[in-house]
Amino acid sequence: MNAPLQSVDSRRAGALLEVRNLQKFYGAARTWFSRRQYPVQAVDDVSFDVARGETLSLVGESGCGKTTTAKSVLRLIEPTAGSVRLDGEEVTGLGREEMRQRRRDLQIIFQDPYASLNPRMTAGDIVAEPMRNFSLDGLTSEKARSERVKWLFSKVGLRAEAMKKYPYEFSGGQRQRLGIARALALSPKLIVCDEPVSALDVSVQAQVINLLMDLQAEFGVAYLFVAHDLAVVRHISHRVAVMYLGKIVEIADRDTLFSSPRHPYTEILLSAVPAPTPGKRAERRVMSGDPPSPANPPTGCRFHPRCPLAAPVCRQVSPSLTPRSDAVGAKTAHFVACHVR
Ligand SMILES: Nc1ncnc2c1ncn2[C@@H]1O[C@H](COP(=O)(O)OP(=O)(O)OP(=O)(O)O)[C@@H](O)[C@H]1O
Ligand SMILES: [Mg+2]
């Protein structure tokens, strides 16, 4: 067990989502050059909490394991090891029917809603479908469901007439609104959002992000929000977890992370974000070297080959996430996995 995170446990007692020591290794890939096979260590020993009504963002370079973490939480892929608890109940290990019941509380919004919306169903039926599958109290009649669909459409900013349309008749932003309405249909406690606005025009991105924030304020839904656009992350998050090559290297509340990052990787990642005040932008720093392969990650700290501060210990010992006391006025603790900082 990752001892330092016990303190996350007790401090954030009653967290909605508790992920502990999550690991996902994908099957080894065979190469032309070698008969030895290494599994892809996509996610290795990842632990975090999401509180009720909170937005926790997962950020990091492409391939660092964000989607794998998100899908493991929902069990859309089976984690290799670790524990995921929702509302105190273990989700890993649930049978198919039990998991199906749990999915009421645990929904997902994808980057490309088009791929996840049945093209042959009307928008109204798409949103009503989860209600039919779960036959919720008070929603057993077709009329009651149709009333709720209408209400959900108004909540996500779609007109009632749109209920009769098919997904291809919607714009990208409207389709994402439809995906959000469907995710909300069963009043979930947590919605996993995997790059929900990356495929949208910038102006539409802002509308969808603001919609997600309004819905959170109204319904208290929590988000596990995966994104690589740090400006979006800064806008929507309460807390942010930074991933590097399958591990969380830093977690802090949004303001602390953006104003006083501790991990050298976070510093470099953030140096690429325009500062809110023009002229105050920190010098942009460029990461040295290529990202290593998660099939053969570096020993010790996985970031050490690219780290400007690497010390001998970093090559040998993998640093665990430990709390730091610098966070004056911070709402939640600041955890960093670094020997030097
Ligand atoms: N089905 C799979 N089989 C083997 N390897 C996989 C599979 N899915 C993902 N990976 C590998 O696992 C690692 C993490 O992938 P993941 O998709 O979780 O990253 P990500 O952070 O979501 O990246 P992106 O920002 O590009 O979406 C990558 O090295 C990826 O190539
Ligand atoms: Mg991804």
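Mentor: When I name helices (H or I, at least four residues) and strands (E, at least two), I mean DSSP runs, numbered from the N terminus. You're looking at a predicted model: local features need pLDDT of at least 70, side-chain atom pairs count only at pLDDT 80 or more, and totals for chains, interfaces and linings use all residues. Residues are numbered from 1 along each chain as its sequence is written, chains are lettered from A and ligands numbered from 1 in the order in which they are written, and side-chain values use heavy atoms, with hydrogens and water left out.

Trainee: Let's start with salt bridges. How many does a search of the whole structure find?

Mentor: Side chains of opposite charge can pair when their charged atoms come close. Here we count a side-chain nitrogen of Lys or Arg within 4 Å of a carboxyl oxygen of Asp or Glu. The search turns up 20 of them.

Trainee: Which residue does Arg52 pair with?

Mentor: Asp87, with the closest N and O atoms 2.8 Å apart. That pair links distant parts of the chain, 35 residues apart: Arg52 sits in the loop between β2 (40–50) and β3 (55–59), Asp87 in the loop between β4 and β5. Asp87 also has a positive phi of about 55°, although it is not a glycine.

Trainee: And what is the closest N and O distance between Asp105 and Lys189?

Mentor: For that salt bridge, 3.9 Å. Asp105 is in the loop between α3 (96–102) and β6 (106–109) and Lys189 in the loop between α7 and β7 (190–194), so the pair ties together parts 84 residues apart in sequence.

Trainee: Is Asp105 buried or exposed?

Mentor: Buried means under 20% relative accessible area, exposed over 50%, and partly exposed in between (1.4 Å probe, protein chains only). At 12%, Asp105 counts as buried, whereas Lys189, at 31%, is partly exposed. Asp87 is partly exposed too, at 29%.

Trainee: Which residues are linked in a network of salt bridges?

Mentor: Arg52, Asp87, Glu89, Arg102, Asp105 and Lys189.

Trainee: Now the surface. Which residues make the nonpolar patch of about 310 Å²?

Mentor: Patches take residues with over 30% relative accessible area and no salt bridge, joining like charges within 9 Å and nonpolar side chains (Val, Leu, Ile, Met, Phe, Trp, Tyr) within 5 Å. The areas come from the Shrake-Rupley method with a 1.4 Å probe; for residues, only the protein chains shown count as cover. This patch is Tyr114, Tyr166 and Tyr168. Tyr166 lies in the loop between α6 (142–155) and α7 (172–184), and at 31% relative accessibility it counts as partly exposed.
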